[in-house]
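Please keep the sequence and the model in view while reading.

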Amino acid sequence: MKPFAYSIWLMPCAEQRAELAALIQALSNRYATPAFAPHTTFCSGTWNLDEQDLRDAFGRLAVQTAPVELTVRGIDWADHWAFFFFLRLAGGEAVFKRAPSRIEGAHLSSIGPHLSLLYGLGAAGIDRDALRQELAVRLPPRIRFNSLTLVRPSTGRWEDVGSWENLCSARLGG
């Protein structure tokens, strides 16, 4: 089998997922950028074995991981399309530390736990500081994550947001 990129996402509980999805969609419409499901990247990597082997490892990870609540520390940004504008999250250090050890070759996000609000694809010229001030009052104090989703870009390029395939999902803790 040809190696492929994948990511395992922590998904917010249903109520918060709907609120965050509405915010992401509104920002996407406002700035003509790609919309995406609200998530926190739990771990990601390149898989070299059969897809079913990854699904099996994903299932074991979901069963072995309890739901987690992360604290929203504010809005931040970086000059990378995937980290263009995001919620910085804190907590769950033990959960995040264990994740890569459960899936061979997996690694954590380079900027730590976060939930993207706006990808920087076509988003040049946005005053992110003004947008942070505008949205600060709308932030939840905490986000509860109770499921995982396994995704991969069918084109092999994460920047092709529309190509992301949802391979499977599972509730945390079985």
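On a 1 Å grid over the protein atoms alone, a cavity is a set of points where a 1.4 Å probe fits but cannot get out, whereas a pocket is an open set with protein on both sides within 12 Å along at least five of seven lines; lining residues have an atom within 4 Å of a point. This is a predicted model, in which local features need pLDDT of at least 70 and side-chain atom pairs count only at pLDDT 80 or more, while totals for chains, interfaces and linings use all residues. Residues are numbered from 1 along each chain as its sequence is written, and side-chain values use heavy atoms, with hydrogens and water left out.

**Cavity**

- A search of the whole structure finds one cavity of 30 Å³ or more, and the space in the largest cavity comes to about 30 Å³.
- Its lining consists of Phe42, Leu61, Gln64, Thr65, Val95, Arg98, Ala99 and Arg102, with α2 (51-64) and α3 (93-102) as the elements that give two or more residues.
- The largest share of this cavity lining, four residues, is supplied by α3.
- By class, the cavity lining divides into four nonpolar, two polar and two charged residues.

- Two or more residues of the pocket lining come from each of β1 (4-12), β2 (40-47) and β5 (114-118).
- Nine nonpolar, 12 polar and one charged residues make up the lining of the largest pocket.

Methods:
Nonpolar A, V, L, I, M, F, W, Y, C, P; charged D, E, K, R; others polar. Points joined across faces, edges and corners; volume = space filled by probe spheres on them.
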